[in-house]
Amino acid sequence: MSAITRDEVAHLARLSRLALPEDELDQLAAQLDVIISAVAKVQEVAKGDIPPTSHALPLTNVYRPDEAVPGLTPDQALAGAPAVEDGRFRVPQILGEEE
Amino acid sequence: MSELIRLTAAELGAAIASGETSAVEAAQAYLDRIDAVDGEVNAFLHVATEGALEQARAVDARRAAGEDLGPLAGVPVAHKDVFSTKDMPTTAASRILEGWQPPYDATVTARLRDAGLVILGKTNMDEFAMGSSTENSAYGPTRNPWDLDRVPGGSSGGSSAAVAAFEAPLATGTDTGGSIRQPAAVCGLVGAKPTYGGSSRYGLIAFASSLDTPGPFARNVLDAALLHEAFSGHDPRDSTSVDAPVPRVVEAAKRADIAGMRVGIVRELSGEGYQAGVLERFHEAVELLESLGAKVVEVSCPSFATALPAYYLIAPSECSSNLARFDAMRYGLRVGDDGTRGAEEVMSLTRAEGFGPEVKRRIILGTYALSSGYYDAYYGSAQQVRTLIKRDYDAAFEQVDVLVSPTTPTTAFPIGERADDPMAMYLADLCTIPTNLAGNAALSVPCGLAAEDGLPVGLQVMAPALADDRTYLVGAAVEAALKDRWGGDLLSRSAFAV
């Protein structure tokens with residue numbers, strides 16, 4: 001049995017906002033099947049009583065003094081934008097007509 | 001060709017400080033070298049010809065004005081194209097960031113500018129630092145100066161190739177699963193992965209945030225230590241930056257004395273799947289350590305066997321989240337915005353066109369590992385393995401001061417050999433990944449050429465977190481002893497030797 005189906009890969013691609021053509025999906029499904037079967041080895045050693053480690057360091061929240069510091073100017077922030085209008089990011093339609 | 005590019009970074013810095021030469025002459029010498037050989041090597045994505053000379057003139061002016069500058073002032077450096085530079089493009093070797101110029105500098109970039117280093121340009125890499133060969137660059141592969149048909153390692157392969165081809169005396173890289181140590185090893189260089197949090201991630205294009213660590217490449221241990229010290233230290237702009245003194249790596253590189261040091265050989269990082277010539281050089285290096293007065297024992301780290309699978313769940317999971325920022329709205333590529341499509345469709349078209357195959361593979365793998373229903377079995381289990389690996393290191397470092405292994409299972413492989421086989425490619429990081437998962441310090445130092453192919457082999461030295469100095473101490477001792485044995489540097493035997 002395969003570790004992951006082509007339909008699952010297509011679903012994951014949609015969730016990941018990747019508009020993949022059919023041939024790319026075919027190739028990815030085959031490769032991911034091999035990779036997922038290999039990485040599933042972690043399940044053999046992971047046991048219930050082992051605490052997870054999400055990070056190499058003990059993480060605590062870090063605060064800085066509540067002081068205003070200069071940020072980017074609007075021109076700097078917009079300098080790399082694909083489209084700009086009236087000093088703002090111009091983006092494609094976000095909400096549907098009916099909403 | 002200028003004699004200046006033969007000098008070590010330390011020597012070049014001293015020659016500039018004494019007035020024997022200038023930052024401008026040094027920059028020009030390296031720009032000439034890049035011009036002469038980079039057509040073959042393809043180490044650089046961007047060469048800052050005018051910018052480098054301008055920075056060099058500024059350093060010479062600061063010196064003339066009597067400013068007290070550091071040991072590397074005026075010495076050129078090449079940056080991996082993952083560090084933000086406000087005066088040159090930063091692409092992470094991806095189409096999605098083609099031509100993008102950041103509005104600010106990374107902390108590593110800014111600190112090296114302040115120390116007077118002159119930026120020669122930006123080096124090639126695997127796209128978003130995902131890969132072990134630099135073949136995943138959207139701008140063509142980089143070639144290994146030892147053999148132009150082979151990979152220079154990765155993901156920081158442009159940096160390793162640039163330093164090995166004498167196109168730069170120093171370079172920066174990032175190490176998420178071995179992306180500094182592995183390319184350093186296969187190009188015959190010194191490369192270090194500092195303790196996680198010891199070098200700032202601010203302004204670094206993120207791949208896997210709990211693992212990404214900036215570090216140095218150099219042709220010798222002292223130069224690597226000087227670069228390491230120049231960009232390290234607490235950074236309030238990185239919430240995971242460690243607020244502790246920088247380990248004294250320069251002092252360790254100069255001391256180079258390992259008498260009485262306890263060294264552990266990791267049993268699990270050897271044996272089947274390792275190239276015979278790599279193991280031969282490794283065993284020789286271990287004998288050398290003993291002859292220098294180290295006490296060598298074998299130690300077992302059983303969980304290392306599961307480090308690679310754990311890494312290929314954790315790193316893709318973090319990448320799938322980090323790369324969500326490339327949404328075609330605020331910067332970078334935008335595809336299909338013809339007025340008929342909505343934002344989500346434009347986003348999906350842009351990401352499909354802007355990301356290369358390996359990046360897409362990892363985004364989907366990470367999305368899978370984090371999805372409800374699979375989270376516990378995959379991401380959760382991988383995090384438990386991470387705990388086991390940390391425990392193995394803790395137990396080992398109760399017995400020994402440092403651990404050693406080969407840096408890579410094989411020497412540099414031919415371009416194209418593993419390009420269609422992701423699992424084979426992933427194996428290149430077999431020995432380096434455990435250090436990243438635990439957040440420790442490690443360094444790779446050249447230990448000779450493999451008999452069967454005449455290509456460089458690296459010795460990996462691993463130390464506990466914040467004990468980076470121990471890796472430099474051992475590296476410098478090995479380097480000095482081998483230089484005596486060989487009657488010169490390893491790099492002097494490369495086709496690109498100067």
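Does Asp420(B) count as buried or exposed, and at what relative accessibility? At 69% relative accessibility, Asp420(B) counts as exposed, where exposed means over 50% relative accessible area, buried under 20%, and partly exposed in between (1.4 Å probe, protein chains only).

The model is predicted: local features need pLDDT of at least 70, side-chain atom pairs count only at pLDDT 80 or more, and totals for chains, interfaces and linings use all residues. Residues are numbered from 1 along each chain as its sequence is written, chains are lettered from A and ligands numbered from 1 in the order in which they are written, and side-chain values use heavy atoms, without hydrogens and water.

**Two residues of chain B**

Asp420(B) lies in the loop between strand E9 (402-406) and helix H14 (422-426) of chain B; helices (H or I, at least four residues) and strands (E, at least two) are DSSP runs numbered from the N terminus. Its C-alpha atom is separated by 37 Å from that of Tyr104(B), 316 residues apart along the chain.

| Residue | Relative accessible area | Class |
|---|---|---|
| Gln460(B) | 0% | buried |
| Asp420(B) | 69% | exposed |

Gln460(B) belongs to strand E11 (residues 456-463) of chain B. Leaving aside residues up to four places away in sequence, Gln460(B) touches, among others, Arg181(B), Val404(B), Cys431(B) and Leu443(B), contact meaning heavy atoms within 4.5 Å.

**Helix packing**

Helix H1 (residues 6-15) of chain A packs with helix H12 (residues 357-370) of chain B at an angle of about 100°, their axes 9 Å apart. H1(A) is therefore roughly perpendicular to H12(B), a term covering angles of 65 to 115 degrees. Leu12(A), Ala13(A) and Leu15(A) meet Ile364(B), Thr367(B) and Tyr368(B) in this contact.

In helix H4 (residues 107-114) of chain B, the buried residues are Thr107(B), Val108(B), Thr109(B), Leu112(B) and Arg113(B). They pack against elements of chain B including helix H3 (49-64), strand E2 (76-80) and H7.

**Largest pocket**

The largest pocket has a volume of about 560 Å³. A pocket is an open set of points on a 1 Å grid over the protein atoms alone, where a 1.4 Å probe fits, with protein on both sides within 12 Å along at least five of seven lines; lining residues have an atom within 4 Å of a point. The volume is the space filled by probe spheres set on the points. Of its 28 lining residues, Arg219(B), Asn220(B), Glu479(B), Lys483(B) and Asp489(B) lie nearest the centre. H16(B) gives the largest share of the lining, 6 residues.

Definitions and conventions
Axes are lines fitted to C-alpha atoms, for helices over the stretch in contact, and angles run from 0 to 180 degrees between N-to-C directions. Angles under 35 degrees count as roughly parallel, over 145 as roughly antiparallel, 65 to 115 as roughly perpendicular and the rest as oblique.
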